[in-house]
Amino acid sequence: MADTYTPPVTGTGVKATIQRIGGYLAGMIMPNIGAFIAWGLITALFIPTGWLPNETLAKMVDPIISYLLPILIAYTGGRMVHGQRGAVVGAVAVMGVVVGTEDPMFLGAMVIGPLTALILKYVDKFTEQRTKAGFEMLVDNFSAGIVGGAMAVVGMFGVGPIVQAITTAASNAVNWLILHNLLPAASVLIEPAKVLFLNNAINHGVLSPLAVKEAAETGKSILFMLESNPGPGLGLLLAYLLFGPRALRPSTPAAMIIHFFGGIHEIYFPYVLMKPRLILAVIAGGAAGVFTFMITGAGLVATPSPGSIFAYLAVTPRGGWLASSLGILVATGVTFAVAAVLLGFGRGEKADPAEEPSESAETATKEG
């Protein structure tokens, strides 16, 4: 299933292993992008700072990000490992992770969904040769129920707290950098955390509370801009459009619109997971953007929610649009340049499969 959304990986070694893992993670996200878009649109429209604030409709925002999206991710990951049975137990198991923690558990879902399905797969192999005729459905249903329920408990008391600890550690590290005036270096932690779908934990758990306090004192805060800058994502998608795998290039224009104008940053995370070395590009772009914000004295008056260019302009104080726009532009350019180098300017990408047969046919005709 992952191969449908990511280019095939050949070879062995650490690099190939990381690429396969990234492709597998992307395979859990890409089929559910529509759900992410739906959540992003509902958020952009109906939250108090949205385009059409509506208290009743905004009640959908938290349940979707806290429950629906992790369940879909775990369901998809389980299905990749063990078909429909794996999907069901993955969805059951992730409830323990979701209920046992406060932050959105995308990372936890990516872990427990496939893990639970893998355990059920081995259980099925053990029982299929030992189950008497006529008892198959009974054994299958009870084995799935037992594995799913047991892993939900493990998720609540094991996987969930571990992922929560990782999230807390990342948040504390970012907080330390902020306190020591090393804001550009914060991108070294923020950008990888974003790709692992910890962006909401970093932004709303650490940056926003500090930024609100600073904005109340000075009228604006640069801390609102550290995680929400749409520049790195736009630069990465531009690099994919020009130099990425040919099979993925047609998907990038729509992704750029959704990301830059819609503010749904999650849309570009799978593109980084497909080629993990590109994390260096978004780190460089993020750091360059933060540095530009610092030297131009940029700041926002509130969290740009969602992180689109429109939201940025909407919460930029009077006279600060040039500084905000410049930081986004620099971040985009640096990310694009670094990503283009890491992608080899597209030199390693093969022609479209549809073109190869026709070329072969023409060669055969000439030879005939």
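Visitor: What pattern does the protein follow along the sequence?

Guide: Helices (H or I, at least four residues) and strands (E, at least two) are DSSP runs, numbered from the N terminus. Here the pattern reads α-α-α-α-α-α-α-α-α-α-α-α-α-α, with 14 helices and zero strands. Keep in mind that this is a predicted model: local features need pLDDT of at least 70, side-chain atom pairs count only at pLDDT 80 or more, and totals for chains, interfaces and linings use all residues. Residues are numbered from 1 along each chain as its sequence is written, and side-chain values use heavy atoms, with hydrogens and water left out.

Visitor: How much of the protein is made up of buried residues?

Guide: Buried means under 20% relative accessible area, exposed over 50%, and partly exposed in between (1.4 Å probe, protein chains only). Of the 368 residues in the protein, 49% are buried. Helix 6 (residues 187-195) gives you some to look at: Ser187, Ile190, Glu191, Ala193, Lys194 and Val195 are buried there. Just after helix 6, Phe197 takes a positive phi of about 65°.

Visitor: Which residues have the most contacts inside the largest nonpolar core?

Guide: A nonpolar core is a set of buried Ala, Val, Leu, Ile, Met, Phe, Trp, Tyr and Cys residues joined through side-chain atoms within 4.5 Å. The largest one has 87 residues, and Leu69, Ile73, Phe197, Leu226, Leu236 and Tyr268 have the most contacts inside it. Helix 3 (residues 61-100) gives this core its largest share, twelve residues.

Visitor: And what does Leu69 touch, not counting residues up to four places away in sequence?

Guide: Contact means heavy atoms within 4.5 Å. With those neighbours set aside, Leu69 touches Ala35, Phe36, Trp39, Ile64 and Phe106. Across the protein, take the contacts with a separation of 6 or more: 73% of them are between residues 24 or more positions apart.

Visitor: How many aromatic pairs does the structure hold?

Guide: Rings of Phe, Tyr and Trp (its six-membered ring) pair if their centres lie within 6.5 Å; planes under 30 degrees apart count as stacked, over 60 as edge-to-face and the rest as tilted. The structure holds six such pairs. One of them is Phe243 with Phe336, tilted, at 6.1 Å centre to centre and 35° between the planes. That pair links distant parts of the chain, with Phe243 in helix 8 (residues 231-243) and Phe336 in helix 13, 93 residues apart.

Visitor: Why does Phe243 count as buried, and why does Phe336 count as partly exposed?

Guide: Phe243 counts as buried because its relative accessibility is 16%. Phe336 is at 25%, so it counts as partly exposed. Ring pairs also link Phe243, Phe336 and Phe345 into a cluster.

Visitor: Can we finish with a single residue? Where does Thr332 lie?

Guide: Thr332 lies in helix 13 (residues 321-342), and it counts as buried because its relative accessibility is 9%. For its side chain, think of a polar contact: a pair of N or O atoms within 3.5 Å, where, within protein, one must be able to donate a hydrogen and the other to accept it, and residues adjacent in sequence count only if both atoms are side-chain atoms. The side chain of Thr332 reaches the backbone oxygen of Gly231 at 3.3 Å. Leaving aside neighbours within four places in sequence, Thr332 is in contact with Gly231, Leu234, Gly235 and Leu238.
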